[in-house]
Amino acid sequence: MFPLGKSKSTVGLDIGASSVKLVKLDHSKNGYSVSAIGVRELPPEAIVADEINDREAVIFNIQSLIDQTDPKIRDVVVSISGHSVITDKFTIDKKNGPEAEQAILFETEQRAPFDVDDVSLDYHVIKSDDETNKMDVLLVAARKEYLRTYLDLIEDCGLRPVVVDNDSMAILNAYEGNYDVDPSRVTALVNIGHDVTNITYIVDGLYSATRDVSAGTREIYNAIQKEFRLNPELTSKALKGEMNDSIDPDMFKATIISASDELVSGVELAFSYFKSQSKIESLDWLVLSGGGALIPFLPEYLQSKLNIPLELANPLRNVDYDPELFQYLQPEKIAPLLTVAVGLAMRKAR
Ligand SMILES: Nc1ncnc2c1ncn2[C@@H]1O[C@H](COP(=O)(O)OP(=O)(O)OP(=O)(O)O)[C@@H](O)[C@H]1O
Ligand SMILES: [Mg+2]
């Protein structure tokens, strides 16, 4: 959202609480193709929500991921999320240049829970209506101090952040880059991460709103670790279905389901809030992404509780790649996990 440079291929780097994901896409007239891809898990407490507790570990893991995938990478598109970032949409009278900026700054002041002088702003006009003389503006605002700390971390990895986006916009970007948006369906893109679940709503085929729910899969991870007395490495393996021989399947399912309550009710609450705010009767379609989409039983459980048709996001649906190249990773199996990184990498090469 804050453009800072140029390139032909684009690298999306998604630094999450449980792992760092990297996707490099080559942009051509024929579309996108993957030229590098990688995931590296972080120590369990290195990042909690948007707090970086162990900076050294995060830097080490990002550098190792770059070394494993493509050591020549310098320019990256990164994303920020959490309490220091707000995304909002509003309608104002049509204006241009400095006048538009003034009006947008005024609207931001009404919305941001922090002083606008401390804020970096970016905005897009998503719809402009000549008849009513109004325009819909999408705003992203981030606290400068938070942005600086984050950019310093990327730079200390030896990388150059060329664009800073946010998770909810990246998810939308990945969806629009891979699917024909059906304007007749009110759609929620739900990205379940380790600490945060980002929801992006699409109404009439256009971006409508976003909401971050402060719950993710960490509860599930912790419950599995405790129930089966596993170390972090084995906990991750269990969640990937690689421990099926040594743990009781009924107990495994029951543990996941009972640890999902906070997440499910957080999403339920966000949906009813959105429906009442936007005066929408029903949500018609869910597209699930993030690591949460891969946790056994979770998508089915979510669907049964919410009673809304659901599909798993495939952010590589419209993207060319040679499966042989990334064999050990099997991108098609972990595609939902890569959604934010793909959305970041789909940013237009400038
Ligand atoms: N292949 C897999 N199968 C099952 N679960 C997985 C798989 N890969 C990751 N997970 C689980 O997904 C969860 C993390 O999801 P994700 O990577 O989207 O979160 P994050 O981006 O690191 O966190 P956040 O966005 O909250 O900062 C973890 O609990 C992890 O165990
Ligand atoms: Mg994430």
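User: At what angle do α5 and helix α7 (residues 249-258) pack?

Analyst: This is a predicted model, in which local features need pLDDT of at least 70 and side-chain atom pairs count only at pLDDT 80 or more, while totals for chains, interfaces and linings use all residues. Residues are numbered from 1 along each chain as its sequence is written, and chains are lettered from A and ligands numbered from 1 in the order in which they are written. Helices (H or I, at least four residues) and strands (E, at least two) are DSSP runs numbered from the N terminus, and axes are lines fitted to C-alpha atoms, for helices over the stretch in contact, with angles from 0 to 180 degrees between N-to-C directions. The axes of α5 and α7 are 9 Å apart, and the packing angle is about 145 degrees.

User: Which residues of α7 meet α5?

Analyst: Two residues are in contact if their C-beta atoms, placed from the backbone, lie within 7 Å. On the α5 side the residues are Ile220, Ala223, Ile224 and Glu227. Their counterparts in α7 are Met251, Thr255 and Ile256.

User: How many nonpolar residues does the contact of α5 with α7 have?

Analyst: Ala, Val, Leu, Ile, Met, Phe, Trp, Tyr, Cys and Pro count as nonpolar, Asp, Glu, Lys and Arg as charged, and the others, Gly among them, as polar. By these classes the contact has 1 polar and 1 charged residue, and the nonpolar ones number 5.

User: How are α5 and α6 oriented to each other?

Analyst: The axes of α5 (residues 218-227) and α6 (residues 232-239) come within 9 Å and cross at roughly 110 degrees. Angles under 35 degrees count as roughly parallel, over 145 as roughly antiparallel, 65 to 115 as roughly perpendicular and the rest as oblique. The two helices α5 and α6 are therefore roughly perpendicular.

User: Which strands stand at the edges of the open sheet of 6 strands?

Analyst: The order in this sheet is β10-β6-β1-β2-β3-β16, and the pairing is mixed, where two strands pair if DSSP finds at least two bridges between them. Each edge strand has a single partner, so one side of it is left without a neighbour in the sheet. The edge strands are β10 (160-166) and β16 (319-320).

User: What is the bridge partner of serine 33 in β16?

Analyst: Strand β3 (residues 31-41) and β16 pair in the parallel sense over 2 bridges. The partner of serine 33 in β16 is aspartate 320.

User: In the open sheet of 3 strands, how many bridges join β8 to β9?

Analyst: The order here is β7-β9-β8, with antiparallel pairing, and β7 (85-93) and β8 (119-129) are the edge strands, each pairing on one side only. Strand β9 (residues 134-143) is joined to β7 by 9 bridges. Between β8 and β9, which also run antiparallel, the number of bridges is 10.

User: Which residue in the hairpin of β8 and β9 takes a positive phi?

Analyst: The hairpin has 4 residues between its strands. The positive phi, near 60 degrees, belongs to asparagine 133.

User: Which residues come nearest to ligand 1?

Analyst: A residue is near a molecule if its C-beta atom, placed from the backbone, lies within 6 Å of it. The shell around ligand 1 divides into 8 nonpolar, 11 polar and 2 charged residues. Of the 21 residues around the ligand, those that come nearest are Gly16, Gly193, His194, Gly290 and Gly291.
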